[in-house]
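Hi,

Here is the structure I said I'd pass on.

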Amino acid sequence: MDRHTPLHALPEEIQKMSPEEKVCEYCGISYLILHEFKAMEEKMKAMEKEMKFYQGSVDREKRLQEKLQSLSQDFEQYKIDSESKTEILFFSVIYLVERKVQEINRL
């Protein structure tokens with residue numbers, strides 16, 4: 001948190017107050033810094049919330065990386081299968097064409 005430097009000194013009447021008058025009886029914090037303390041608490045809460053979000057982001061990123069790897073492996077396998085089927089189809093067509101040519105030559 002940025003440190004706030006006041007432009008003017010505290011009024012003389014506040015400077016002359018006894019410590020008991022400047023301190024909260026319940027929590028012991030000086031009224032003069034209570035506002036800063038509360039602001040720091042709010043900022044800390046916001047940062048904790050942000051950290052939870054980012055922790056969730058790390059977990060989501062990990063799951064997405066695993067899914068991407070799985071899909072990449074599937075893709076490679078499908079690609080290999082497709083190439084194999086294409087080759088089988090190609091040789092089947094050649095075989096059928098040769099048979100047809102042989103039939104025509106017999107006539």
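**Salt bridges and rings**

Helix α3 covers residues 31–106, and both Glu41 and Lys38 sit in it, three residues apart, or about one turn of the helix. Before going further, keep in mind that this is a predicted model. The side chains of Glu41 and Lys38 form a salt bridge, 3.5 Å from N to O. Glu41 is partly exposed at 28% relative accessible area, and Lys38 is partly exposed too, at 44%.

Searching the whole structure turned up four salt bridges. Another of them joins Lys100 and Glu103, with 3.9 Å between N and O. These two are again in helix α3, three residues and about one helical turn apart. Lys100 comes out as partly exposed at 49% relative accessibility, and Glu103 as partly exposed at 38%. Lys16 and Glu12 also meet in a salt bridge, at 2.7 Å N to O; here Lys16 counts as exposed, with 63% relative accessibility.

Tyr54 is partly exposed, at 45% relative accessible area, and Phe91 is partly exposed at 48%.

And what lies over the face of Phe53? That would be Arg60, 5.6 Å from the ring centre.

Cheers

Key
Residues are numbered from 1 along each chain as its sequence is written. This is a predicted model: local features need pLDDT of at least 70, side-chain atom pairs count only at pLDDT 80 or more; totals for chains, interfaces and linings use all residues. Side-chain values use heavy atoms; hydrogens and water are left out. Buried means under 20% relative accessible area, exposed over 50%, partly exposed in between (1.4 Å probe, protein chains only). A charge sits over a ring if NZ of Lys or CZ of Arg is within 6 Å of the ring centre and within 35 degrees of the ring normal. Helices (H or I, at least four residues) and strands (E, at least two) are DSSP runs, numbered from the N terminus.
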